[in-house]
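This report is intended to be read beside the sequence and the structure. Please keep both in view while reading.

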Amino acid sequence: MSLFANTLLMIVSPSVGWEKIGRLSIPTKVLQGKVYFPTLAVLAVSTMFEMFFGSCTLTIAVINAIIAFAAYFFTFYISSMIMNFISPGDTQDAKNRLDNLIIFALEYLVLINIVSNMLPSHFTILEFLKLYVAFILFRGLDYINYKEKPVFFVTVATLSVLIIPVAINYVLGLIIPVAN
């Protein structure tokens, strides 16, 4: 089964998905290169759909594509630093598992944004579906062997993967005002 198929399995059934991912022992760099970064590229391209709906020009669509890509690109690294501070792994394998947990959570959010970009208008239900990331992270606690304070860990992880891309979008929108 491909890594992207495992990502979809993770969305449909996080328990089964994390169990399968745990058996595969995927290095973070492989997961980034084969799943996360290509999906970010699709996210950037999906922002071009705004042109088809007549809501922006090519210049604004390209700027929005760069901002969307950058927001999720940097969110992984910032969230990884935050989560490694909260739950420092003793081994490289523990750190890889924590990074993989973050990647799969972000992958879910990126897929929702891709769907949102491809629709002609804003659907609030898609924003609420982003909260499902908390369940994905909760089910991933066994994958990373975290037992100490699960509610605190899931809360911080959920807030970091949900808030950081929004904050980066906001800041980049202020720096590059044509993107608004």
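## Salt bridges within helices

In this predicted model, D93 and R97 both belong to helix α6, where 4 residues, about one turn of the helix, lie between their positions. Their side chains meet in a salt bridge, with an N to O separation of 3.4 Å. How exposed or buried are the two partners? D93 is partly exposed, its relative accessible area being 43%. R97 is buried, because its relative accessibility of 17% falls under the 20% limit.

A further salt bridge joins R23 and E19, whose closest N and O atoms are 3.8 Å apart. These two residues are 4 residues apart in helix α2, which means that about one helical turn separates them. Both R23 and E19 are exposed.

## Salt bridges in the whole structure

Side chains of opposite charge can pair when their charged atoms come close. How many salt bridges does a search of the whole structure find? The search gives 4 salt bridges, and one of them links E127 with K130. The closest N and O atoms of that pair are 3.4 Å apart. E127 is partly exposed, with a relative accessible area of 32%, whereas K130 counts as buried at 14% relative accessibility.

## The packing of α2 against α6

Two packed helices are described by the angle between their axes and the distance between the axes. For helix α2 (residues 14-24) and helix α6 (residues 92-117), the axes come within 12 Å and cross at roughly 140 degrees. The crossing of α2 past α6 is right-handed.

Which residues make this contact? Helix α2 contributes W18, I21 and G22, and helix α6 contributes R97, N100, L101 and F104. By class, the residues of this contact comprise 4 nonpolar, 2 polar and 1 charged.

## The packing of α5 against α6

Helix α6 also packs with α5, at an angle of about 145 degrees and with the axes 10 Å apart. This crossing is right-handed. On the α5 side, the contact is made by Y72, T75, F76, S79, S80, M83 and N84. On the α6 side, the residues are K95, L98, D99, I102, I103, L106, L109, V110 and N113. The contact of α5 with α6 has 9 nonpolar, 5 polar and 2 charged residues.

## Two positions in α5

T75 lies in helix α5, which covers residues 58-86. Is T75 buried or exposed? It is buried, because its relative accessible area of 0% is under the 20% limit. Leaving aside residues up to four places away in sequence, T75 touches L106, S160, V161, I164, P165 and I168.

L58 is also placed in helix α5. L58 is exposed, because its relative accessible area of 52% is over the 50% limit. The C-alpha atom of L58 is 7.7 Å from that of M48, and the two residues are 10 residues apart along the chain.

## A loop residue

N145 is found in the loop between α8 (133-139) and α9 (150-175). Its phi is near 60 degrees, a positive value in a residue other than glycine. N145 counts as exposed, with a relative accessibility of 57%.

Notes:
Residues numbered from 1 in each chain as written. Predicted model: local features only at pLDDT ≥ 70, side-chain atom pairs only at ≥ 80, totals over all residues. Heavy atoms only, no water. Buried < 20%, exposed > 50% of the residue type's maximum accessible area, 1.4 Å probe, protein only. Contact = heavy atoms within 4.5 Å. Axes fitted to C-alpha atoms, helices over the stretch in contact; angles between N-to-C directions. Left-handed = near helix turned anticlockwise from the far one by under 90°. Nonpolar A, V, L, I, M, F, W, Y, C, P; charged D, E, K, R; others polar.
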